[in-house]
Each structure stands twice: as C-alpha cells, then as structure tokens.
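User: I would like to know what stands behind the labels used for this model. Please set each value against its definition.

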Amino acid sequence: MESTKGTVNCFTVDLEEWFQGLTSTNPQVERWPQFESRVVPATDLLLEILRAYNVKATFFVLGHVADHHPQLIERIGADGHELGIHGYYHRFVHRMTRDEFAHEIEQSCRALERLTGQLPRGHRAPYFSVNSECTWAFDVLQDFGIRYDSSVFPTRNMLYGFPEAPRFVYRPAGSNLVEFPASTVRLAGRNWPMAGGFYMRALPYGVTRRAIRRLNKQGEGAILYIHPWELDTEQHYTDVTPRERITHYHGRHTVEAKLHKLFSDFTFAPMNELYLQFRRAEPAPATGAFMPEPVLARVKG
Ligand SMILES: [Zn+2]
C-alpha cells in the first residue's frame with residue numbers, strides 16, 4: 001500500500017454543545033439552560049481517542065463553552081492540543097453586521113484569554129459561514145490578532161458554502177490572514193465536501209480515506225473537522241426538523257470506529273504548525289507589508 005504518512009493533515013474540533021449546533025435551538029440562547037449539557041463526556045471520549053494515537057488537534061472553542069466548562073478547556077490544553085475560537089454564541093457570520101461580529105470575536109478571545117493567559121491565533125466561524133457576502137470578516141479577525149482562519153467551505157450545501165473560494169490554503173485578497181478552507185475533492189467539475197462532520201458520518205470510511213490520499217498525493221494536507229456531539233450516541237432530542245434529523249444525528253454510531261482508522265492511517269498536526277509551514281514556503285513579503293498590532297493587545301486589561 002502506498003504511504004501518504006509524510007503529508008501532514010489537520011484534525012480540528014468545533015467545541016460546542018449539541019443544542020448550540022442545531023439551527024433550530026441555536027438562536028434561542030435563553031432556552032440553552034433547559035437543555036442537557038453533554039459536551040464534557042463527549043469531548044473526554046474524543047480526547048481519549050486522540051491520546052491513544054498521539055494526535056494533536058486544533059480545538060475551536062465556543063466562548064460560551066469556555067465560560068461554562070473551564071476545566072474541560074484546561075484538560076484539552078494540558079493534552080497538548082491547540083486552542084482557537086469559534087465565536088461566542090455560534091451565530092452565522094453572514095447574518096451579523098461587522099460590529100456584531102467584532103463583538104463576538106472580542107468576547108470569545110477574552111473567554112480563552114481568561115483561561116490560558118494568551119490570545120488565540122486561530123478562528124473558525126460557526127457553520128463555516130464566511131462567504132462572498134462577508135469577506136470583511138477577515139479584516140475583523142486580523143484586527144483581533146488572529147493569524148489564521150478556517151471558515152471557508154469551497155462548496156455549496158443547504159446551510160453554507162463559498163464555492164468560488166480557493167480549495168487550498170491561501171491569503172484572502174488584501175489580507176495578512178491565512179485561510180485554511182475545509183477540504184473538498186474535485187470531481188466532474190465540482191468541489192465535493194468530504195472533510196468531516198456529516199460527510200464523515202455519512203460516507204463509508206474507505207471513501208474518506210481515498211479522498212485524503214488523493215489530497216496528500218497532491219502535496220496538500222486535508223483540513224478535517226468534527227464536533228463532540230457527533231460521537232454522542234446517547235443524546236436524543238426529538239423536537240428537530242427533518243433536515244436536522246439527518247445533518248445532526250445520522251451515522252453517529254460509525255464515528256468512533258472511523259476515527260480509530262483515520263488516526264492509524266494518516267499524520268496530523270495542529271493548525272499552527274501548518275500555518276508556520278505555509279509561512280516558511282511563502283515568498284518574502286513585499287516591502288512595506290506589515291502585521292498590524294492586534295486591537296486586544298492595545299486595549300489589554
Ligand atoms: Zn460550530
């Protein structure tokens with residue numbers, strides 16, 4: 001069997017509660033306390049699997065989860081995983097104004113900083129919701145000292161997508177930010193999602209493996225993602241839309257076994273390592289290019 005172990009992939013986790021990811025319960029923040037919190041045991045299971053294969057991942061943490069489960073965040077950090085942000089209330093970026101988005105980013109940066117003493121460098125938008133309508137999000141992120149982002153899904157589905165975006169790591173026009181799009185495969189003139197979440201649950205593992213091998217043979221690391229609730233086979237909430245029944249619950253029982261195979265088959269590193277690798281391979285910046293001082297560093301305290 002041909003080895004693709006040499007190419008480094010990135011396994012990312014969007015750290016949120018099951019009810020924060022459902023589009024029907026997500027906007028009703030006032031109802032969140034009524035729902036059973038399950039993020040801790042689900043994440044602990046994921047941490048155990050990652051530990052067994054010595055895989056270091058990048059966790060994009062929802063600010064609300066950081067504030068409610070600080071010890072979980074500390075355990076993730078203690079295991080050597082990278083911590084980035086995933087907004088505070090899990091809102092679609094393209095439904096917010098620029099100021100509202102800036103407020104979410106500030107809140108989520110502060111939540112992590114309170115726990116780690118450091119400002120995060122990486123961001124993923126809830127629902128991969130950065131698209132052609134809200135590329136101002138890159139400027140806002142840069143203002144807050146974010147160096148790399150993974151919020152673009154260069155495909156189209158019912159909820160999100162930015163099909164015209166590049167498929168591989170790039171710098172958005174006019175930005176110093178580096179974007180790591182969620183991985184897709186190119187087939188019959190279209191970009192097909194395969195990068196994790198619903199697609200990993202729904203597709204047989206052999207299809208995911210072939211897709212990652214194909215990317216690795218092109219010298220590209222796959223950017224994969226998962227949510228802790230996708231491993232939680234004991235969570236049952238019946239008041240969901242027919243679409244959510246599929247997008248949120250289908251195939252959960254297959255995920256644990258698939259992760260064991262995935263971590264055996266491929267090599268992974270946190271996104272900050274892929275970022276440094278990308279920076280090293282880049283041509284020297286043009287004269288005058290600079291990274292502005294982050295807003296939070298200026299107004300620290
Ligand atoms: Zn999310």
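**Labels and their grounds**

Analyst: The chain has twelve helices and ten strands. Helices (H or I, at least four residues) and strands (E, at least two) are DSSP runs, numbered from the N terminus. This is a predicted model: local features need pLDDT of at least 70, side-chain atom pairs count only at pLDDT 80 or more, and totals for chains, interfaces and linings use all residues. Residues are numbered from 1 along each chain as its sequence is written.

User: How do you know whether the radius of gyration of the chain agrees with a compact globule?

Analyst: The radius is taken over C-alpha atoms, and the globule rule is 2.2 Å times the number of residues to the power 0.38. For 301 residues the rule gives a value near 19 Å; the chain has 18 Å, so the two agree. The C-alpha trace spans about 50 × 50 × 35 Å along its principal axes.

User: Why does Arg171 count as partly exposed?

Analyst: A residue is buried if 20 or more other C-beta atoms lie within 10 Å of its own, exposed if 12 or fewer, and partly exposed in between; C-beta atoms are placed from the backbone. Arg171 has 15 C-beta neighbours inside 10 Å, so it counts as partly exposed. Arg171 lies in the loop between β5 (148-149) and β6 (178-179). Across the chain, 43% of the 301 residues count as buried.

User: Which residues does Arg171 touch, not counting those up to four places away in sequence?

Analyst: They are Leu177 and Val178. Contact requires C-beta atoms, placed from the backbone, to lie within 7 Å. Asp149 is 22 residues from Arg171 in sequence and 9.9 Å away in space, C-alpha to C-alpha.

User: What makes β1 and β3 partners of β2?

Analyst: Two strands pair if DSSP finds at least two bridges between them. Four bridges join β1 (residues 8-15) to β2, and the two run parallel. Four also join β2 to β3 (residues 82-85), again parallel. Leu15 stands opposite Val61 in β2. Phe59 has Leu83 in β3 as its bridge partner.

User: Which residues of β2 cover its two faces?

Analyst: In β2 (residues 58-61), Thr58 and Phe60 are buried on one side, Phe59 and Val61 on the other.

User: What makes a nonpolar core, and which residues have the most contacts inside the largest?

Analyst: A nonpolar core is a set of buried Ala, Val, Leu, Ile, Met, Phe, Trp, Tyr and Cys residues joined through C-beta atoms within 7 Å. The largest has 73 residues, and those with the most contacts inside it are Phe59, Val61, Ala137 and Ala195. Beyond four places in sequence, the contacts of Ala195 include Ala182, Thr184 and Leu224.

User: How do you know where the buried residues of α8 lie around its axis?

Analyst: The buried residues are Thr208, Ala211, Ile212, Leu215 and Asn216. They cover an arc of only 135° around the axis, which puts them on the same side of α8. The arc is that of the directions from the helix axis to the C-beta atoms. Gly206 and Lys217 are exposed on the other side of α8. The buried residues of α8 pack against β1, β7 (184-187) and α7 (197-202).

User: How does the span of α5 compare with what is expected?

Analyst: The expected span is 1.5 Å times one less than the number of residues. Helix α5 (residues 98-116) has 19 residues and reaches 27 Å from its first C-alpha to its last, close to the expected 27 Å. Just after α5, Gly117 takes a positive phi of about 75°.

Terms used. Two residues are in contact if their C-beta atoms, placed from the backbone, lie within 7 Å.
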